[in-house]
Amino acid sequence: MYLCDYHLHSTGSPDGTMTIPEIAAVAVERGLQEICITDHLDTIYWQTYAPRDSFDWAASLKQLSQAREQYGSQLEIRLGAELGEATIAFDRAEKLLSDAPDLDFVIGSVHTASEKFHFMDYYYLEKRDEAYYQAVMDDYLDETVKLVRWGKFQVLGHPTLPLRYIKNNAGLTLSFDDRMDRLEEIFSLIIPKGIGLELNINRGDFPLPSPAILRRYREMGGEIVTIGSDAHDARYIGVQVRECQELLRQCGFTHFAAYRRGNPVFHPL
Ligand SMILES: [Zn+2]
Ligand SMILES: [Zn+2]
């Protein structure tokens, strides 16, 4: 089986700890055939929320060529990005993309709530009552609809992300499965545009989105799914890729996607 990890953060991300050659070494050791580096390309700076419209591509390209030189015969290494917070400033998102080198793959991600919640990064989600989290989840879907209407990326990243932090920060396990109508609205926007969905391994915790949501996307005609660990360090590179392939099979998929220059390349499951 062809094994890919399509969501990996290197030192090009503020919270990444490994260089691209270091990531490639671990990927080879774990038997992966292909990886895609998807560093944070955000319209705001992490923690300060200051506007951001540039990225140090020279550093990434240098590491990429070193990694390809060392591991290129054993591993396909693609360059992508995780475009975050486009909804805060679509003009800056467009500048970030137009200044980038030719990327194979862009993930579109929502990590922050809307103005109603003061653009709170879900990472900092406080311990509150369940009604608060339900409101955050509704707001997340509103932001996601805005993002997919704009749609200048290849897959929607870690759908239902607030669940990660509701669990990590408050110990609560909630679900988006009872908001299927809103998810269907999102799928009806992305499927005709050829935008896919990411199955985010969530660093080995529960997958994002849930099997029920993956199944609904498939039933509606969705075919494009990438698999990514969202690793920021060596522990999670390539973790549970095989299990996620099996999950996709169970949800009715026959292929998963990798990408070349923005176009999906399908591999059988
Ligand atoms: Zn993300
Ligand atoms: Zn990420």
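Start with a question: is Y217 buried or exposed? Y217 is buried, because 27 other C-beta atoms lie within 10 Å. The cut-offs: buried means 20 or more other C-beta atoms within 10 Å of the residue's own, exposed means 12 or fewer, and partly exposed is in between, with C-beta atoms placed from the backbone.

Some ground rules. This is a predicted model: local features need pLDDT of at least 70, side-chain atom pairs count only at pLDDT 80 or more, and totals for chains, interfaces and linings use all residues. Residues are numbered from 1 along each chain as its sequence is written, and chains are lettered from A and ligands numbered from 1 in the order in which they are written.

Back to Y217. It lies in helix α7. Helices here are DSSP runs of H or I, at least four residues, and strands are runs of E, at least two, numbered from the N terminus. Setting aside neighbours within four places in sequence, Y217 is in contact with F187, L197 and G222. Contact means C-beta atoms, placed from the backbone, within 7 Å. Y217 and L183 sit 34 residues apart in sequence, yet 8.5 Å apart in space, C-alpha to C-alpha.

Now α7 as a whole. Its buried residues are I213, L214 and Y217. The arc is taken over directions from the helix axis to the C-beta atoms. Their cover includes α6 and β6 (196–200). After α7 comes G221, with a positive phi near 105 degrees.

Next, the α6 packing. Helix α6 (residues 180–193) and helix α7 (residues 211–219) pack at about 45 degrees, axes 10 Å apart. Axes are lines fitted to C-alpha atoms, for helices over the stretch in contact, and angles run from 0 to 180 degrees between N-to-C directions. That makes α6 oblique to α7. On the scale used, under 35 degrees is roughly parallel, over 145 roughly antiparallel, 65 to 115 roughly perpendicular, and the rest oblique. From α6, M180, L183, E184 and F187 meet I213, R216 and Y217 of α7. By class, that contact has five nonpolar, no polar and two charged residues. Nonpolar is Ala, Val, Leu, Ile, Met, Phe, Trp, Tyr, Cys and Pro; charged is Asp, Glu, Lys and Arg; polar is the others, Gly among them.

On to the other end. Helix α1 (residues 20–29) buries I20, I23, A24, V26 and A27. They cover an arc of only 165 degrees, which puts them on the same side of α1. The cover includes β1 (4–8), β2 (34–42), α2 (57–71) and β3 (76–84). The axes of α1 and α2 come within 8 Å and cross at roughly 35 degrees. The residues of this contact split into eight nonpolar, three polar and no charged.

Last, the backbone. Most residues other than glycine have a negative phi, and most peptide bonds are trans. The L208 to P209 peptide bond is cis, omega near 0 degrees. P209 lies in the loop between β6 and α7. F119, not a glycine, has a positive phi of about 55 degrees, and F119 is partly exposed, with 16 other C-beta atoms within 10 Å. H158 has a positive phi near 20 degrees, and H158 is buried, with 26 such atoms within 10 Å.

Definitions and conventions. Contact = placed C-beta atoms within 7 Å.
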